[in-house]
Amino acid sequence: MALTTVEITKTPAEEPEILVPPPEVVTTPCDPWPRPYYLEDGLRKVYPYHYTYNTYCKQRWRGRELLDIFSTEFRDRPQEYYKDAIECGSVTLNGHKVPSVREIVKNGDVISHTLHRHEPPVTAKPISIVHEDNDMIVINKPAGVPVHPAGRYNYNSVVEIMRAERGHGWNPLPCNRLDRLTSGVMFIGKHPKAAEKLTDQIMARTVKKEYVARVIGEFPTGDVICDQPVMQISPKLGLNRARASGKEARTIFKRMAYYPPKAKPNGANPHLKDRRSDKERAKDSKMAWKSKEGYSIVRCLPLTGRTHQLRVHLQFLGHPISNDPIYSNQRVFGPTLAAGDALSDDDEDIISKLSKMGKSEAAEAMEYHDDMMEEYNKKKAEKLTGDLCEICDTPLYSDPGPHELGIYLHARKYACQDGNWEYETSLPDWALPPPDMDGPTVTTEETDPLTLVDEVGHLKLQRGMRNGEGIGVHVAE
């Protein structure tokens, strides 16, 4: 047997992997458990904590400078703060400190912002359960609580409050959206399949929605249809307006009740109950909405789902929601509150005025002038206090007043078009008759806007323009 030699070559030892050092700023958000809640003065508050925001570059951010994005897209802090945060590395791009505040952001970039987070308080009212089964939870969302973590809110959101109540591993899946200031029916899926099924129904417009609102003045009787298009004016401020060039929007309104102001006792001195100063009376005399005495409870049926659609349509009709801090704000929209206005070119002026609300000025809706409101509630409002956080120098806000925790808009009922299910809540307290006055405490068929809509969601009546009401307003007597 022949022997052969085999040359053995040693395989060089594998070089140890050299890990890239971690970025200077931690980019994994903290996740304290239990959540850092505490209750105080009827509010749910959150102790400040360190947190990192991570977000992919949005389409409208592509090709823009990093500081420009922060200073124009976010209103939480002044531009000087964002400039310092970028320069010191609290704001990073793809996990790395950038050489300049003028760094250009590209598609696919991840922007991270680590900060000491201060969340605004929300109401301490519980999230009540309307219905629950193996697939879905139907809740009555309290006014003033956002659905998802967004902006200044994180743990003070419906998603996180419910997670804190049911366990860290539980993942609530909201199926419909309500504005932060709006209360009412919401659907929370327990698993993705259930959430997807209901979301598809809502997107296909096979779910009927009814809201109830409290508006200034005596709303017209009959069926009022507003089909004024709605346009987003400022994504940063969440401002929308009635505009002919906006997206199609249609709402049916029907008055449920009207409550005139209380008459003063015979022989009583009218100045005894008027606590306003001469300056305040002179100011009020210039406000057109002051002539619209009393308030109405109105049932609202949106046939489309534009952002702030009901609030914008009611403002356009001249009967805005009486405590709406945006669309009932005479400091922003002037004495007429933009009633019937779909053509003005004052958007930049409106944006400038609105951006000051909650910072140098408190938001001021018409309801704040109600003589029944206590003076304390008129003055108490969320705005910058002038104090700074001892840890991060963040400007601190005062607590919101009761009138800022929500508006008089409530999602009362959701119903499947084919009749398989429907869920509703009772009327909120602000929609009930005031003391010593008679009025409805439940909804009735006579005031139901659904009577105008057939089984496929089309209006049943021939609509005719009522003279003097403006573009996109129809009234069926």
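Mentor: Let us begin with Lys-83, which has a relative accessible area of 35% and is partly exposed. Please keep in mind that this is a predicted model.

Trainee: Why is Lys-83 called partly exposed?

Mentor: Buried means under 20% and exposed means over 50%, with partly exposed in between. Lys-83 has 35%, so the term partly exposed applies. Glu-87, with a relative accessible area of 41%, is therefore also partly exposed.

Trainee: What makes the pair of Lys-83 and Glu-87 a salt bridge?

Mentor: The closest N and O atoms of Lys-83 and Glu-87 are 2.8 Å apart. A salt bridge requires a side-chain nitrogen of Lys or Arg within 4 Å of a carboxyl oxygen of Asp or Glu, so this pair qualifies. Lys-83 and Glu-87 are separated by about one helical turn because they are four residues apart in helix 2.

Trainee: How many salt bridges does the structure hold?

Mentor: The structure holds 28 salt bridges. One of them joins Arg-243 and Asp-347, with the closest N and O atoms 2.9 Å apart. Arg-243 lies in the loop between strand 14 (239-242) and strand 15 (251-259), while Asp-347 is in helix 8 (residues 347-356), so the pair ties together parts that are 104 residues apart in sequence. Both Arg-243 and Asp-347 are buried. A network of salt bridges links Arg-241, Arg-243, Asp-341, Asp-346 and Asp-347.

Trainee: How do you know that Arg-64 and Asp-68 meet in a salt bridge?

Mentor: The N to O distance between the side chains of Arg-64 and Asp-68 is 3.0 Å. The cut-off is 4 Å, so the pair counts as a salt bridge. Asp-68 has 31% relative accessibility and therefore counts as partly exposed.

Trainee: Is Glu-73 buried or exposed?

Mentor: Glu-73, found in helix 1 (residues 66-73), has a relative accessibility of 17%. Buried means under 20%, so Glu-73 counts as buried.

Trainee: What makes the pairing of the side chains of Glu-73 and Arg-60 a polar contact?

Mentor: The distance between these side chains of Glu-73 and Arg-60 is 3.0 Å. Leaving aside neighbours within four places in sequence, Glu-73 is in contact with Arg-60, Trp-61, Arg-64 and Lys-236.

Trainee: Why are strand 4 and strand 5 said to pair?

Mentor: Three bridges join strand 4 and strand 5 (residues 110-117) in the antiparallel sense. Pairing needs at least two bridges, so these strands pair. Thr-92 has Ser-112 in strand 5 as its bridge partner. Helix 2 (residues 79-88) packs on the sheet, touching strand 4 and strand 5, and its direction makes about 110 degrees with that of strand 5.

Trainee: What is the order of the strands in the open sheet of three strands?

Mentor: The order is 3-5-4, with antiparallel pairing. Strand 3 (49-56) and strand 4 (91-93) are the edge strands, each pairing on one side only. From one strand to the next, the twist averages 15 degrees.

Trainee: How do you know that strand 7 and strand 8 pair?

Mentor: Strand 7 (residues 128-132) and strand 8 (residues 136-141) run antiparallel and are joined by four bridges. At least two are needed, so the strands pair. They form a hairpin with three residues between them, and His-131 stands opposite Val-138 in strand 8.

Trainee: What makes helix 6 mostly covered?

Mentor: Eight of the eight residues of helix 6 (residues 309-316) are buried. Among them are Leu-310, Val-312 and Phe-316. Just after helix 6, Gly-318 takes a positive phi of about 85 degrees.

Trainee: Which residues have the most contacts inside the largest nonpolar core?

Mentor: Those residues are Phe-187, Leu-239, Phe-253, Phe-333 and Tyr-414, in a core of 78 residues. Strand 11 (residues 207-216) gives the most to this core, with five residues. A second, separate core of 15 residues includes Trp-61, Ile-69, Ala-85 and Val-91.

How values were computed: Residues are numbered from 1 along each chain as its sequence is written. This is a predicted model: local features need pLDDT of at least 70, side-chain atom pairs count only at pLDDT 80 or more; totals for chains, interfaces and linings use all residues. Side-chain values use heavy atoms; hydrogens and water are left out. A nonpolar core is a set of buried Ala, Val, Leu, Ile, Met, Phe, Trp, Tyr and Cys residues joined through side-chain atoms within 4.5 Å. Buried means under 20% relative accessible area, exposed over 50%, partly exposed in between (1.4 Å probe, protein chains only). A polar contact is a pair of N or O atoms within 3.5 Å; within protein, one must be able to donate a hydrogen and the other to accept it, and residues adjacent in sequence count only if both atoms are side-chain atoms. Contact means heavy atoms within 4.5 Å. Axes are lines fitted to C-alpha atoms, for helices over the stretch in contact, and angles run from 0 to 180 degrees between N-to-C directions.
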